[in-house]
Amino acid sequence: MLACGPKPRASTPPDAPATAPTSDSKTSPEPAKAAAHPAPILLRGARVMTATGVIYERGDVLLREGKVEAVGAAVDAPEGVTVLDVAGKTITPGIIDTHSHIGVYASPGLTAHSDGNEMSSATTPQVRAADGYWPQDPQIDLARAAGVTTMQILPGSANLIGGRSVTVRTVPDARSIEDVRFPGAPSGLKMACGENPKRVHGEKGGPMTRMGNMAGFRTAFQKAAEYKRRHEAWQAKKDEEDAGAPPDRDLGMETLVGVLDGDILVHNHCYRADEMLGMLALADEFGFRIRSFHHAVEAYKIADALAEHEVSASVWADWWGFKAEAYDSTRANAAMLSAAGARAIIHSDSAQGIQRLNQEAAKAKAAGERAGLSISEDEALRWITANAAWALGIHERTGTLEPGKMADVVVWSGDPLSVYTHAEQVYLGGALVFDRNDPNIRPSTDFEVGQHQAAGDVQ
Amino acid sequence: MRLIYAMLFALGVLWAPAVHAATLSFSQAKDAPRVAIVGGTVHDGTGAVLQDAVVEMQGARIVRVGPGAPSPGAKVIDATGKIVTPGLIAASTTLGLVEIGMEGSTRDTAREGGDAIRSGYDASVAVNASSTLLAVQAIDGVTTAASTPQGGLLSGQVAWIDLLPGHHHDIVAKPRVAVAGGLGQRVSGSRAATLARLAEVLDDARFYRSRKAAFDRRASRDLSAHRLDLEALGPVLGREVPLVLEAHRASDLLAAAALAKDLRVTIVGGTQAWQVADVLAEAKVPVIVHPTANLPGGFDRIGARLDNAAKLHEAGVTVGIAVLGEAHNVRNVTQQAGIAVAEGLPHEVALTAVTHTIASAYGMEADYGSLAVGKVANVVLWPADPFELATVPDAVYIRGASIPLVSRQTELRDRYLKRHGAR
């Protein structure tokens, strides 16, 4: 199912004549062969929230060949297509979380499962979350059952530069990361401002201060700029007689060059307004873009600057106060970003929170309205779908219900902004991968097998 | 039901000026003006629902609940179309003891230093009425908290507080309402060692309690804990206050249930409680759960599930609901209750689970947790279902006074709305 199997990966044997600083793939590969598509299905008669600004109070969605084929007030059922009456339900795009550590901080939280922070150095751009991802983490099942179809798995925030993220789909029965990579998704780079790198590294070589943090970023990107220049210079004259041997390859530097080239998207854990502005200036200095600030508890203070720089902010509805940089919180954060024309996202950073991103969006929407800001249902839905897809660079493939998008769809028991609503069915590439009312369609990971009365036994 | 309330009403009028427990930190002003909330749908916190009832407050107490017209001279608050509930109570929280979680200088949540027996640690004297967290929760309908020390096997004594910022002298309604602790691997890396230590300390406390004079003469056997820690266990042994134990694994829950033969026990957490629900029901041990805690986060939490509360209720266990481990957001207890309802807990039971059940689990039901004559006037007016995500209160009364619906968070919001010209 949903084979997004690996293409042969580019690799450069150490003794091969290198042509360029051949990178680890900066995007997840496309499927090597056409997947066997699930049977087409027409979901009929639900409230359809498309996350494009259009809501059909009564609409139909046709899923075929892994894609959304048609969406509208009335879609004719092609011959032979199964029609499912979902009157009274609500259909949305699959939920997307820009910030998860599922798979790299798995449940149970054993010491053996702590694979999300390579704390051996404050700057580890060479590591990849994909290499730490455990596809048998039972948290994956819980996220899928809550309507999550795509999530970005990030290294933790112990390091200034924590390594590459990977965007995955909640595909059941995966044997390795290669079964779940979001096809064509760009890599992300996790960077972290503020307290965490200071706290983790302060006593073991630094950085110890916010001064040290910024110096660490600048040093790394300066090195990357020089690395890029060296390799480009060699590339330009490699066919000449005196070209000499290619410069040494450095995997971490390749990742940072990917950022400088705009191929790898920066996801920057950063809470305070002043630090976010500082990071925007640093990015300008070295000529790269930040795609999303994560946590961004003070984003509302600089909503105008975020809008102007076209940087998204992945925020919580209301987590706050656990540390000093998370003190100046307001539940209206996302709404104030939307009102200022910035791209707001509700993220989880939590295997519990990922199970109710729709509810978190509902709280943030209501808080906006209490502040006098008008937030449409569609906008609140975009916080957990279309805007998240943009932050991950996959917005042309998922995040809305439009013809041609992946058939990643949730059928909710009612209004997804109500506390009482459940994700009833989850479709991934048109395949039904979760059904609350059918115990046979509740995939479980190997971990849950044989555990006495494990969660997977019953919803 | 209406008849019963009519009787209560009659009695209320007679009793009202006299009824109040003398044990709380604040007194009742006898000639305070009356405030009557009229026209609302009153959910009293114990499961009863009264349409178009009057809830009348005088000073810090409720003086009347039932049908009829407001008393002459009472200030009338029109709650037509609204829902009236008791103030919600946050169980097992460090609210009042912490400002910023990771900053030790703002945290008085634990007596640190290694000894697992800290029952003498009295949280009430550390409660900070200046904490900005208080208003953040209060404006969302949480009026009261069981401010609870953490860590060790016996963490300390719980303070019962009303969320009244600035009330330095009387924010603590009642100190030392319970002793809090936890089972699991709390001592010597072993749950068996933990239970053995608990048994030893309780035995020593019993010994100390009956031979204090001998102890003072140094004519006692050696005791395994400090005098003050043993002293604090006296009310637990006398069943005057409950022992509130966090426990998750079935074996620990059974151990807690066994303690309930001699002591008043409340369980907090209870991840695997649904697996031993019959025993917990039989032992009449209330279980306060965090409904969304469904991760198999450790091998003592295998089987964690969203419908724990519903299954416990079905089995006859008294279920409380709380936001555990996050003082800053105990306001989300409404969302937690809503999720428990979505997973099968009856709505009225869920409301009881965040009001009356919590009060009784801490032995405070004589004064808190329901809308009834003589109870502390912690009352919330909601425009709609309190558990829905868009609902926040229209008014919150704490000890009979309407609180301003502002917090540091709303003020920061408004400051920046103004700066950005949105207001």
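This is a predicted model: local features need pLDDT of at least 70, side-chain atom pairs count only at pLDDT 80 or more; totals for chains, interfaces and linings use all residues.
Start by selecting strands β6 to β13 of chain A. These eight strands form an open sheet with mixed pairing, in the order β6-β7-β8-β9-β10-β11-β12-β13. At its edges are β6 (95–100) and β13 (344–346) of chain A, each of which pairs on one side only. On average, neighbouring strands of this sheet are turned by 25° against each other, direction ignored.

For one residue pair to display, pick A:Asn268, whose bridge partner in β11(A) is A:Phe293.

**A residue in a loop**

Now select A:Glu325. The loop that holds A:Glu325 lies between β12 (312–315) and α8 (333–339) of chain A. Is A:Glu325 buried or exposed? It counts as buried because it has 20 C-beta neighbours inside 10 Å. Beyond its neighbours within four places in sequence, A:Glu325 is in contact with A:Gly194, A:Glu195, A:Tyr271 and A:Arg272.

**Where the chains meet**

Finally, show both chains. Here 37 residues of chain B are in contact with 47 residues of chain A. On the side of chain B that touches chain A, the elements giving two or more residues are α10 (333–342) and α13 (408–419) of chain B. Coloured by type, the residues of that side divide into 19 nonpolar, 13 polar and five charged.

How values were computed:
Residues are numbered from 1 along each chain as its sequence is written. Chains are lettered from A and ligands numbered from 1 in the order in which they are written. Two residues are in contact if their C-beta atoms, placed from the backbone, lie within 7 Å. Helices (H or I, at least four residues) and strands (E, at least two) are DSSP runs, numbered from the N terminus. Ala, Val, Leu, Ile, Met, Phe, Trp, Tyr, Cys and Pro count as nonpolar, Asp, Glu, Lys and Arg as charged, and the others, Gly among them, as polar. A residue is buried if 20 or more other C-beta atoms lie within 10 Å of its own, exposed if 12 or fewer, and partly exposed in between; C-beta atoms are placed from the backbone. Two strands pair if DSSP finds at least two bridges between them. Axes are lines fitted to C-alpha atoms, for helices over the stretch in contact, and angles run from 0 to 180 degrees between N-to-C directions.
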